[in-house]
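The following paragraphs lead the reader through one protein model. Please keep the sequence and the structure in view while reading.

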Amino acid sequence: VIDILRAFFFFTTAYSHAANQDILEYPLAIGSSLLLVAGMQARNNARIVVFGSHDMLSDKFYNADVKAQGAEGGVQAAGNGEFASNVVDWALRRNGDLRFSNVKHNKAGEAPSDMAYRITDEVEYSIVIEEMRNGNWEAFKGSDVQLDFCKD
C-alpha cells in the first residue's frame with residue numbers, strides 16, 4: 001500500500017488540460033485524482049515529492065504577492081515561497097523527520113522485562129520522540145501518537 005501525501009488537491013469538478021487547446025477527449029485526471037503537489041515516504045524512509053509544474057519552484061511563483069482581502073486591500077506575500085521551502089525541506093529530511101529513544105515498557109507495577117504480554121495485561125510504556133525542525137532535534141509535540149503491539 002502506498003500512502004500519498006496530498007499537499008494540493010482539487011474539487012470534484014476540476015480537470016487538467018492545456019488552456020490553449022480544445023478538449024477533444026475526456027481528461028485523464030479529474031477531481032480528487034488530480035494533484036498539484038504529491039509526496040510519498042517509502043518503507044525505507046526515502047522521500048519523493050512531485051510538483052505538477054516546474055513553475056511552482058520558479059522565482060515568479062516563489063516571490064508572488066496577492067491582494068489582501070478587506071477594505072484596505074494591500075499587497076502581501078502569497079506564502080508560495082514558504083510552502084515550497086517547507087515541502088523541499090520535508091523531502092530532504094531537514095524538517096518533519098522523527099526519531100525515538102529511551103523506550104521502556106513493562107507490566108504495570110513491575111520491573112522492565114522482555115517478556116511477552118497478554119491481551120488483558122496492563123502495560124506501562126514510555127518513549128522519547130523528537131522531530132527535526134530547522135536542522136535541530138526538538139521535542140515532538142504531536143497529540144496523536146499511537147502504540148500498537150503486534151504478535152510475530
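D89 counts as buried because its relative accessibility is 18%; buried means under 20% relative accessible area, exposed over 50%, and partly exposed in between, with a 1.4 Å probe and protein chains only. This is a predicted model, in which local features need pLDDT of at least 70 and side-chain atom pairs count only at pLDDT 80 or more, while totals for chains, interfaces and linings use all residues. Residues are numbered from 1 along each chain as its sequence is written, and side-chain values use heavy atoms, with hydrogens and water left out.

D89 forms a salt bridge with R94, and the closest N and O atoms of the pair are 2.8 Å apart. The term salt bridge denotes a side-chain nitrogen of Lys or Arg within 4 Å of a carboxyl oxygen of Asp or Glu. R94, at 43% relative accessibility, counts as partly exposed.

D89 is one of the buried residues of α2, which also include N80, G81, A84, V87 and W90. Helices (H or I, at least four residues) and strands (E, at least two) are DSSP runs, numbered from the N terminus. Among the elements that cover the buried residues of α2 are β2 (35-41), β3 (47-51) and α1 (59-62), where contact means heavy atoms within 4.5 Å. Helix α2 comprises the 12 residues 80-91, which should span 16 Å at 1.5 Å a residue; the end C-alpha atoms are 17 Å apart, in agreement with that value. The expected span is 1.5 Å times one less than the number of residues in the helix. Just after α2, R93 adopts a positive phi of about 65°.

Salt bridges also link other parts of the model, which holds six of them. D97 and R47 form one, with their closest N and O atoms 3.6 Å apart. Because D97 lies in the loop between α2 and β6 and R47 in strand β3, the pair ties together parts that are 50 residues apart in sequence. Both D97 and R47 are buried.

Attention now turns to the strands. β6 and β7 run antiparallel and are joined by eight bridges; two strands pair if DSSP finds at least two bridges between them. In this pairing L98 stands opposite E131 in β7. The side chains of E130 and R99 meet in a salt bridge (2.7 Å, N to O). E130 lies in strand β7 and R99 in strand β6, so this pair ties together parts that are 31 residues apart in sequence. Salt bridges that share partners also join R47, R93 and D97 into one network.

β7 pairs with strand β8 (residues 136-139) as well, in the antiparallel sense over four bridges, and E130 stands opposite A139 in β8. Two residues lie between the strands of this hairpin, in which N134 takes a positive phi near 50°.

Which residues form the nonpolar patch on the surface? F100, V103, Y125, I127, L147 and F149 do so, with about 550 Å² of accessible area together. Such patches are made of residues with over 30% relative accessible area and no salt bridge; like charges are joined within 9 Å, and nonpolar side chains (Val, Leu, Ile, Met, Phe, Trp, Tyr) within 5 Å. Accessible areas come from the Shrake-Rupley method with a 1.4 Å probe, and for residues only the protein chains shown count as cover. β6 (98-107) and β7 (123-133) each supply at least two residues of the patch. I127 is located in strand β7 and is partly exposed, with a relative accessible area of 33%.
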